[in-house]
Amino acid sequence: MAQATERLHRYLEDELGECRDEDVDCRLEELDALEETIGAERVETELDVLSALANGTRYRIVRALVAAEGELCVCELDAIVDVSESGLSHALSTLVDAGLAVDRKDGRWKTYRATNRATALVTVLEGCVGDD
């Protein structure tokens, strides 16, 4: 922490032309408030979502659910991704846990649909492709 404070002191000195210990203390308080605004729990939740999307099978499933604009049966998803039944089940469970898909049991069939979060993320990612 001492090294970080020393670097912050040098940075503020460059920015302000001079830097006192009070300036460093004030900036550290501002940075602590910023960190609290971000929230450790929220960051963990967001990392779970990103982790769920960071797998090719799960991402293909999410893309299919978003594109379907409705529900898809597990048997339909099985035709889209080339994984074992247990692999598909695990992928879907991970997506539900991350809040990217919701499931519904209808008799002997189980269907899934994309959540608003999944749709928003896919939309953002589609907008990023090709941008520099």
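A residue is called buried under 20% relative accessible area, exposed over 50% and partly exposed in between, with a 1.4 Å probe and protein chains only. Because its relative accessibility is 75%, E69 counts as exposed. This is a predicted model, in which local features need pLDDT of at least 70, side-chain atom pairs count only at pLDDT 80 or more, and totals for chains, interfaces and linings use all residues. Residues are numbered from 1 along each chain as its sequence is written, and side-chain values use heavy atoms, with hydrogens and water left out.

E69 sits in the loop between α4 (56-68) and β1 (72-73), where helices (H or I, at least four residues) and strands (E, at least two) are DSSP runs numbered from the N terminus. The phi of E69 is near 55°, a positive value in a residue other than glycine. Most residues other than glycine have a negative phi.

## The three-stranded sheet

Three strands form an open sheet in the order β1-β3-β2, with antiparallel pairing; two strands pair if DSSP finds at least two bridges between them. The edge strands, each pairing on one side only, are β1 and β2 (101-106).

Between β2 and β3 (residues 109-114) the antiparallel pairing runs over six bridges, and A101 has A114 in β3 as its bridge partner.

## I38 in helix α2

Helix α2 (residues 21-38) contains I38, and this residue counts as partly exposed because its relative accessibility is 44%.
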